[in-house]
Amino acid sequence: MEQEMIYQTRALIDFLSTILGDQYEIVFHVITEEEVYIDSIINGNISGRNKDSPLTKFALDLIDSKAYLDKDYVVNYKTITQRNKQLQGSTFFIKNQDSELLGMICFNLDYSKKISLTNDILENLNLPTLSKMPHSKGDAPKENGGFTEVLSGNVRDIIKEYINIDLLNDSIDLTQEAKMDIVKTLEEKNIFQLKGAVTETAGLLNVSEPTIYRYRKLIANL
């Protein structure tokens, strides 16, 4: 993404945040061939994330599946923070004339205050509150297969969503082939585009960072 477009998008999300208010977290992701990162985040206190936080597994899967080729945005899916606060998410794809993905703007709505206000009104009317109603937490839209996005604050959590956690048990001595299989899976999912992914993977597999780079080079030459 060209720097001019980055500047324009920063101004756009600042404008949108002024209109939408502090109940919306707005995240601007930049996507290049080399890396994927958060350029700007507004009201990050909602999810507890910052500019150093990685993309979510949901966002990475959107990129990997090339969902942006069929649509310009995905709306009203369920998201959840590390503190189990439920939000409503939507993502807008930033593309060029050739439909190549350059970035994404993600919106996460914290509607907890609205639910509290609604419950106060219902209680005054002696009616069941939302927490007592079936499906009160809301269902993710059918177009997203009922998926719930987890808003993680660190890349290690994202890595663990793609590999078998049982393999990381200290009592298990993984073979080089097993470690390379894990690296291959992460490579295929573009995890290494995330800042700090090599360091975290090396730590999880108990190998050095140069070893991870060597595995990646071997995999690329297969």
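Contact here means heavy atoms within 4.5 Å. The structure is a predicted model, in which local features need pLDDT of at least 70 and side-chain atom pairs count only at pLDDT 80 or more, while totals for chains, interfaces and linings use all residues. Residues are numbered from 1 along each chain as its sequence is written, and side-chain values use heavy atoms, with hydrogens and water left out.

Leaving aside neighbours within four places in sequence, Ile191 is in contact with Leu60, Ile158, Ile159, Tyr162, Leu186 and Ala197. Ile191 also belongs, with Met104 and Leu194, to the residues with the most contacts inside the largest nonpolar core. A nonpolar core is a set of buried Ala, Val, Leu, Ile, Met, Phe, Trp, Tyr and Cys residues joined through side-chain atoms within 4.5 Å, where buried means under 20% relative accessible area and exposed over 50% (1.4 Å probe, protein chains only). Another core lies apart from the largest one.

| Core | Size | Residues include |
|---|---|---|
| Largest nonpolar core | 42 residues | Met104, Ile191, Leu194 |
| Another core | 10 residues | Ile13, Ile26, Ile94, Ile105 |

Helices are DSSP runs (H or I, at least four residues), numbered from the N terminus. Helix 7, residues 209-220, reaches 17 Å from its first C-alpha to its last, close to the 16 Å expected at 1.5 Å a residue, the expected span being 1.5 Å times one less than the number of residues. Thr211, Ile212, Tyr215 and Ile219 are buried in helix 7, and seen down the axis the buried residues fall within an arc of 100° (taken from the directions from the helix axis to the C-beta atoms), so they line one face of helix 7. These buried residues pack against helix 5 (176-188) and helix 6 (197-205), whereas the face turned away from them carries the exposed Pro210, Lys217 and Ala220.

Key
Helix = DSSP H or I, 4+ residues; strand = E, 2+ residues; numbered from the N terminus.
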